[in-house]
Amino acid sequence: MAHKIYHSYDNNSYWKVCDPINVLHATLNTIRGKRHRHDVQRLLNDGFIEAITKVWELLDKQTYTPSPYTEKTIREKAGGKVKERVLKIAKLMPDRIIDHCLIDVIEDDLRKLFIANTYACIKGRGIHACLRDLNRALQKDKKGTKYCLKLDIHHYYDTIKHDILKRIIRKSYGDKRMLWLIDTIIDSTEGNEGIPIGRLTSQHNANWYLTPFDHWVKERLTPMVKQKYHARLYYFRYMDDMVLLCSNKEALHWVFKQIEEYLHKELELAIKGNWQIFPVDARSIDFVGYKSNHYNILARKSILAAYWRKLRKVQKQYGITEERDVKMELSAHYGWLQHCSKEHFEKILKLTINQLNPMSKSNLRVGITSAEPQPTFDVIDRIKGTTLYNHNQHLEERTNEAGQKVNVNVYDSLLVAAPVTANTVLEALIAAKHSSSEEAKLLNDYNAAMLGIEDEAKKQPYLDFLSERKALRAMVDADCKLHNIPLA
């Protein structure tokens with residue numbers, strides 16, 4: 001028996017759906033940000049009031065019939081494989097407005113049904129709330145979250161059963177007119193199986209379908225794990241992707257069998273064959289676009305790859321050179337990456353700045369001459385903060401064009417992007433003199449020599465590099481201290 005969890009809401013709530021004010025708000029929500037589309041333009045040009053009136057009549061007289069769907073196939077990369085999804089898009093504007101009419105009324109009721117640890121398509125939650133709660137559990141209870149069970153449902157949207165979904169809905173609503181509209185939308189796909197990916201109501205129905213399961217995990221399964229294995233069970237769900245954490249690996253194997261049985265028996269769903277149980281810190285939890293463990297939140301590899309591709313494209317198109325430009329031109333990517341661990345985010349920013357304004361030898365000019373000493377820190381762009389670091393300044397005796405001996409100021413100049421601190425100046429200077437691959441090679445040779453794999457002479461280049469770095473550190477710190485430049 002499924003665990004009964006619901007109470008019925010107002011049995012006379014359909015009037016809220018077809019209330020003219022609700023229809024007006026739903027129409028405005030539907031066309032918001034889409035005024036350039038031809039169907040929205042047609043709606044506005046043909047008569048906005050007439051369109052709203054038509055939708056109201058369809059709802060009030062219960063004459064609404066869903067229009068045929070337009071199918072669109074999209075391809076997504078997942079786990080190194082290309083995954084195809086067939087979207088079914090409501091062809092006519094009234095279908096989309098009616099979806100909003102319904103969801104705007106029942107959304108608050110649905111939020112009361114959902115447990116706290118489900119996040120998809122719920123206002124105030126979403127991906128980053130899920131990430132926050134998952135990592136809060138990982139940080140607060142490292143022993144209790146040692147192992148992870150990760151699973152999702154095979155072809156979830158396509159295998160949702162209409163009769164089961166209607167039965168679940170009827171535990172919450174008794175209004176016959178409300179149920180008529182919900183059933184009409186559910187039955188817009190043929191047969192007893194599948195709801196259209198791409199329709200607004202489908203997201204909420206998909207969440208609704210798994211709500212009995214959520215309550216069963218929270219109210220029945222979790223206490224059983226505590227009683228049987230003396231362990232706490234943590235549960236997080238984002239649509240059909242689920243993560244369960246526990247200190248006991250054996251307990252998670254038992255939990256998987258219970259979940260598999262419940263989903264098959266009560267909801268007629270099957271778990272995808274790629275489910276896994278693993279130590280959290282050995283592999284990290286790849287969930288909601290991030291990889292989480294007890295120490296870090298890292299960006300998923302595919303998302304980072306997309307970021308670097310977009311960065312190169314935008315850099316080539318607009319010639320951006322500063323972090324502030326990245327914030328403007330790649331705001332979505334930048335905002336996403338900000339939710340990573342601080343160290344990981346700062347590393348990405350450092351690599352970004354290096355790509356935008358690589359501190360290569362072209363940014364380090366050596367042996368420049370001038371008649372007079374130059375400012376050690378010369379701000380050449382006060383808006384962006386770009387600065388020239390003029391160092392190694394000394395007088396040398398040279399012969400001029402007239403054959404006379406004169407003293408000239410000789411120095412090296414390095415272009416440094418903001419913020420200018422002792423640390424950023426040193427990093428820029430080292431990067432200008434030695435590429436990261438060169439440093440890695442020197443270190444590898446040194447380690448190989450220490451292990452006896454390479455000749456002892458291989459140690460010295462890396463030791464020389466460290467000595468040079470130490471000398472550069474002393475020079476930069478002295479210059480920064482003299483000119484009131486912060487160390488970090």
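Okay, let's start with a question: are Tyr229 and Trp254 buried or exposed? Both of them are buried. Keep in mind that what we're looking at is a predicted model.

So, aromatics. If you search the whole structure, you get 16 aromatic pairs. Tyr229 and Trp254 make one of these, and the geometry is tilted, with 6.0 Å centre to centre and 55° between the planes. What I like here is that the pair links distant parts of the chain. Tyr229 sits in helix 10, residues 211-229, while Trp254 belongs to helix 11, residues 249-266, and the two are 25 residues apart.

Now take another pair, Tyr462 with Phe465. This one is stacked: the centres are 6.1 Å apart and the planes make an angle of 20°. Here both partners lie in helix 19, residues 459-482, and they're three residues apart, about one turn of the helix. How about burial? The cut-off is under 20% relative accessible area. Tyr462 comes in at 13%, so it's buried, and Phe465, at 4%, counts as buried too.

There's also a cluster to look up on your screens. Ring pairs tie together Phe213, Trp216, Tyr235 and Tyr262.

Which residues does helix 4 use to meet helix 8? From helix 4 you have Ile98, Asp99, Leu102, Val105 and Ile106, and from helix 8 the partners are Met178, Leu181, Ile182 and Ile185. Sort the residues of that contact by type and you find eight nonpolar, no polar and one charged.

As for how these two are arranged, helix 4 covers residues 93-113 and helix 8 covers residues 176-186. They pack at an angle of about 130°, and their axes are 12 Å apart.

One last stop, still in helix 8: that's where you'll find Asp183. Is Asp183 buried or exposed? Its relative accessibility is 14%, so Asp183 counts as buried. And what does Asp183 touch, leaving out residues up to four places away in sequence? The answer is Lys166 and Arg170.

Conventions. Residues are numbered from 1 along each chain as its sequence is written. This is a predicted model: local features need pLDDT of at least 70, side-chain atom pairs count only at pLDDT 80 or more; totals for chains, interfaces and linings use all residues. Side-chain values use heavy atoms; hydrogens and water are left out. Axes are lines fitted to C-alpha atoms, for helices over the stretch in contact, and angles run from 0 to 180 degrees between N-to-C directions. Helices (H or I, at least four residues) and strands (E, at least two) are DSSP runs, numbered from the N terminus. Contact means heavy atoms within 4.5 Å. Ala, Val, Leu, Ile, Met, Phe, Trp, Tyr, Cys and Pro count as nonpolar, Asp, Glu, Lys and Arg as charged, and the others, Gly among them, as polar. Rings of Phe, Tyr and Trp (its six-membered ring) pair if their centres lie within 6.5 Å; planes under 30 degrees apart count as stacked, over 60 as edge-to-face and the rest as tilted. Buried means under 20% relative accessible area, exposed over 50%, partly exposed in between (1.4 Å probe, protein chains only).
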